[in-house]
Amino acid sequence: MKYLLKGFILFISLSFSGFTFAEAVIPSVNKGDTAWMIVATVLVILMVVPGLALFYGGMVRAKNMLSVLMQVFVIFSMMAILWSIYGYSVAFTEGSPFIGGFSKLFLFGITPDSMAATFSKGVYIPEYIYVAFQLTFAAITPALIIGAFAERVKFSAILIFMFIWFTFAYLPMAHMVWYWTGPDAYTDAAAGSAAGATAGFLFQKGVLDFAGGTVVHINAGIAGLIGCLIVGKRIGYKKEALAPHSVTMTMIGASLLWVGWFGFNVGSNLEANGLSGLVFINTLLASAAATLAWSGAEWIIRGKPSMLGGASGAIAGLVAITPACGWAGPMGSIVLGLVAGIACFVAVTSLKSLLGYDDSLDAFGVHGVGGIIGALGTAVVASPALGGTGVWDYVTNSVGEYSMSTQFISQAWGVGVCIIWSGVVSYIAFKLIDIVIGLRVSEESEREGLDISEHGETAYHM
Amino acid sequence: MKLITAIVKPFKLDDVREALTDIGVSGVTVTEVKGFGRQKGHTELYRGAEYVVDFLPKAKVELAVADQLVSQAIEVITKAANSGKIGDGKIFVTNLEQIVRIRTGETGDDAL
C-alpha cells in the first residue's frame with residue numbers, strides 16, 4: 001500500500017512536471033547509478049584489502065610480511081568505524097570552509113530514503129552508499145602512509161597516529177576540497193554564489209580534484225615523508241640487503257589496485273553515464289602509459305626493465321590521473337601518465353638516495369610526487385584546447401571559460417595547503433607519540449622482525 | 001671406496017643423474033646449496049637500491065662408489081655438467097672408511 005501510494009505521488013508529480021513545473025528539478029535516485037556505486041565501493045575495498053596489503057607486503061622482507069598485512073587490515077577496519085561515528089559528518093556536512101559539522105554524528109538522520117547529490121542536477125544516489133563509498137577513501141588513505149616507515153614502527157604507535165591524522169588531516173582536507181551543497185542549488189548567479197560560499201575552502205578556490213589527488217595521495221605522501229624523516233632509517237639501510245621478499249606478491253597487489261582503481265576513479269563520478277566512460281578510459285590509458293614510461297626509463301638508465309618497476313609505474317600513473325580523470329581527454333591522460341611514470345622513477349631511484357631518507361616502500365616517492373604532478377597537471381590536461389572537458393558552470397549549464405593559468409594557481413593552492421596542513425599535523429602527531437610511547441620497536445625486535453615481535457606469528461612455514 | 005661430492009649447476013642435475021645411472025651408480029643424494037667461486041655473485045636492483053647477491057644456487061650431488069668406478073664416475077660427471085661457462089662447479093673426492101646399509105646391516109662394497 002505504501003509503495004502504491006509512493007508510486008501514485010511520483011506519477012502525479014511527474015505528470016505535473018511536464019506542464020506546470022517544466023523548470024523544476026525533481027530529485028530522484030536511479031537504479032543504474034545505485035548499482036554502479038555499490039560495485040565501485042566494493043572495488044575500492046578490493047584495492048585496500050587485499051590490493052594495497054599485498055603490494056606493500058611483497059616489498060618488505062619475509063620477517064615483516066604479516067606486520068604490513070595486519071597494519072593495512074586493522075587501519076581499514078578502524079577507519080571504517082571512525083568514519084561512521086564522526087568522520088562522515090565532519091567531512092561532508094556544512095560547517096566552516098575548513099571543517100564540517102556534527103549534525104550527522106553516528107550517521108544520525110540517514111535513512112534508506114536519504115539521498116546524496118551527484119554532479120548532475122536532479123540526480124541523486126542513496127546516501128548510505130555515498131557514506132560507504134567515501135568511507136573506503138577515508139580508509140585507504142591512512143593505509144597508504146605505512147609504506148614510508150614499514151619494517152620498524154610499533155603497531156600501537158601506528159594506530160594512534162592514524163587516529164590523530166585521520167581526524168585532523170584527512171577530514172579537514174576532504175571537507176576543504178570536496179564539500180559542496182550539490183548542483184541543484186545553482187539555479188541562478190545569486191543562488192550559485194550563495195551556495196558556493198558554503199562549500200569547502202579549496203572548493204571555493206576552484207581546486208579540481210576528481211578522485212583524490214590532493215585529499216588522498218599528496219595528503220598520505222606528505223604524512224609518509226614526515227614519518228620516515230622522524231622515525232629514521234631501518235637498521236642496515238644501505239648496508240644490508242633489504243630487498244623485497246616477493247615481487248610476485250607485489251605484482252598481484254598492484255594488479256588488484258589497478259582493477260580496483262576503476263571503482264575509485266569512475267565511482268567518483270557518482271553516476272553511470274557518459275562522463276564515467278571518459279573517466280574509465282583516462283584511468284586505463286594513464287596507467288598503461290606510466291607503466292611503459294617507468295619500464296622504459298629503467299631499461300635505458302639501469303639496463304634492465306624490472307617487474308617491480310612495471311608495477312610501480314602502473315601505480316604512479318593511477319595516482320597522477322586520479323585528480324584529473326574527470327576533466328582530461330584520453331590523449332592528455334597518456335601524456336600525464338608518461339610524465340608521472342618518469343618523474344616517480346626519478347624520485348624513487350635518485351631523489352631518495354640524494355636526500356638520504358628511508359621511505360621503505362616509496363609512499364612519498366609514488367603517492368606524494370605522483371599526486372603533486374597529477375594535481376598540477378590537471379590544470380593543463382583539463383584545458384578544452386588540449387582535449388580536456390573544461391569546467392562545467394552549473395549556473396549557465398554549459399562549459400565555462402577556461403584559463404589554464406588561473407586553474408594552475410587554483411591547483412597550486414590545493415597542493416600547497418595539502419602539503420602544509422598534512423605536514424604540520426603529521427609532524428605534531430609523530431613527535432607527540434614518540435614522546436609518549438615511542439615510535440620505533442627496539443633494535444632487537446627490528447632484527448627479529450615485526451611478525452614475531454609485534455604479532456607473535458610467522459608468515460611462511462616452509 | 002670413495003665419496004664423490006660434485007657441485008654442479010642446478011639445471012645440469014638431470015644430465016648428471018642420467019650419466020651416473022648409465023654407468024651403474026645405484027644411488028645419489030642431492031642437496032640444494034648456495035655458494036660462490038670464480039663466477040662470483042650478481043647484483044639485483046629494486047627501485048634503485050642495488051643489492052649484491054654473493055651466493056648463487058647450486059646442486060650438490062653426493063655419491064659413494066667402489067674404487068674401480070671412481071675415475072669413470074668423475075669422467076661422466078665432468079662431461080654431463082660441463083657447459084663451458086664459468087660457474088660449472090667442482091668435484092671433490094674423499095676416502096670413505098665404511099658404508100652400512102641400514103635395512104640389512106651389510107657393510108663395505110656390499111652396501112653400495
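**Notes on the predicted model**

1. Chain A has an open sheet of 3 strands, in the order β1-β3-β2, and its pairing is mixed. The edge strands are β1 (28-29) and β2 (115-117) of chain A, each of which pairs on one side only. Please keep in mind that this is a predicted model.

2. Take the parallel part of the chain A sheet. β1(A) pairs with strand β3 (residues 123-126) of chain A in the parallel sense, over 2 bridges. A:S28 has A:V123 of β3(A) as its bridge partner. A:V29 stands opposite A:Y124 in β3(A).

3. Now the antiparallel part. β2(A) and β3(A) run antiparallel and are joined by 3 bridges. A:A117 has A:Y124 in β3(A) as its bridge partner. So which residue of β3(A) stands opposite A:V29? That is A:Y124, the residue that is also the bridge partner of A:A117. β2(A) and β3(A) form a hairpin, with 5 residues between them. In the turn, A:G122 has a positive phi of about 85 degrees.

4. Which helices cover this sheet? The pairing of β1(A) with β3(A) is parallel, and helix α2 (residues 31-57) of chain A packs on the sheet, touching β1 and β3 of chain A. The direction of α2(A) makes about 50 degrees with that of β3(A). Helix α4 (residues 127-145) of chain A also packs on the sheet, where it touches β2 and β3 of chain A. For α4(A), the angle with the direction of β3(A) is about 75 degrees.

5. A:A91 deserves a look. This residue lies in helix α3 (residues 65-92) of chain A. Is A:A91 buried or exposed? A:A91 has 27 other C-beta atoms within 10 Å, so it is buried. Leaving out residues up to four places away in sequence, A:A91 touches A:G100, A:L171, A:A174, A:H175 and A:Y179. A:L171 is 80 residues from A:A91 along the chain, yet their C-alpha atoms are separated by 5.1 Å.

6. Next, a helix pair in chain A. Helix α9 (residues 247-267) of chain A packs with helix α10 (residues 274-302) of chain A at an angle of about 140 degrees. Their axes are 9 Å apart. The crossing of α9(A) and α10(A) is right-handed. On the α9(A) side, the residues are A:W258, A:W261, A:F262, A:N265 and A:V266. They meet A:S276, A:V279, A:F280, A:T283 and A:S287 in α10(A). By class, this contact has 6 nonpolar, 4 polar and no charged residues.

7. Chain B has its own open sheet, of 4 strands in the order β2-β5-β1-β6, with antiparallel pairing. β2 (29-35) and β6 (89-95) of chain B stand at the edges with a single partner strand each, so one side of each has no neighbour in the sheet. The twist averages 20 degrees from one strand to the next. Strand β1 (residues 2-8) of chain B and β6(B) run antiparallel, joined by 7 bridges. B:I7 stands opposite B:K90 in β6(B).

8. Chain B also has a hairpin. Strand β3 (residues 42-46) and strand β4 (residues 49-53) of chain B pair in the antiparallel sense over 5 bridges. B:T43 stands opposite B:V52 in β4(B). The hairpin leaves 2 residues between β3(B) and β4(B). B:R47 in the turn has a positive phi of about 45 degrees.

9. Two helices of chain B pack together. Helix α1 (residues 13-22) and helix α2 (residues 70-80) of chain B make an angle of about 150 degrees, with axes 9 Å apart. α1(B) and α2(B) are therefore roughly antiparallel to each other. Their crossing is right-handed. α1(B) contributes B:D15, B:V16, B:A19 and B:L20 to the contact. α2(B) contributes B:A73, B:V76, B:I77, B:K79 and B:A80. The residues of this contact divide into 7 nonpolar, no polar and 2 charged.

10. Last, the contact between chains. Here 12 residues of chain A are in contact with 6 residues of chain B. On the chain A side, α11 (307-321) and α12 (330-355) each supply at least two residues. The largest share of that side, 4 residues, comes from α12(A). The chain A side divides into 5 nonpolar, 5 polar and 2 charged residues.

Note on methods: Residues numbered from 1 in each chain as written. Chains lettered and ligands numbered in written order. Predicted model: local features only at pLDDT ≥ 70, side-chain atom pairs only at ≥ 80, totals over all residues. Axes fitted to C-alpha atoms, helices over the stretch in contact; angles between N-to-C directions. Parallel < 35°, antiparallel > 145°, perpendicular 65-115°, else oblique. Left-handed = near helix turned anticlockwise from the far one by under 90°. Contact = placed C-beta atoms within 7 Å. Nonpolar A, V, L, I, M, F, W, Y, C, P; charged D, E, K, R; others polar. Pairing = 2+ DSSP bridges. Buried ≥ 20, exposed ≤ 12 C-beta atoms within 10 Å, placed from the backbone.
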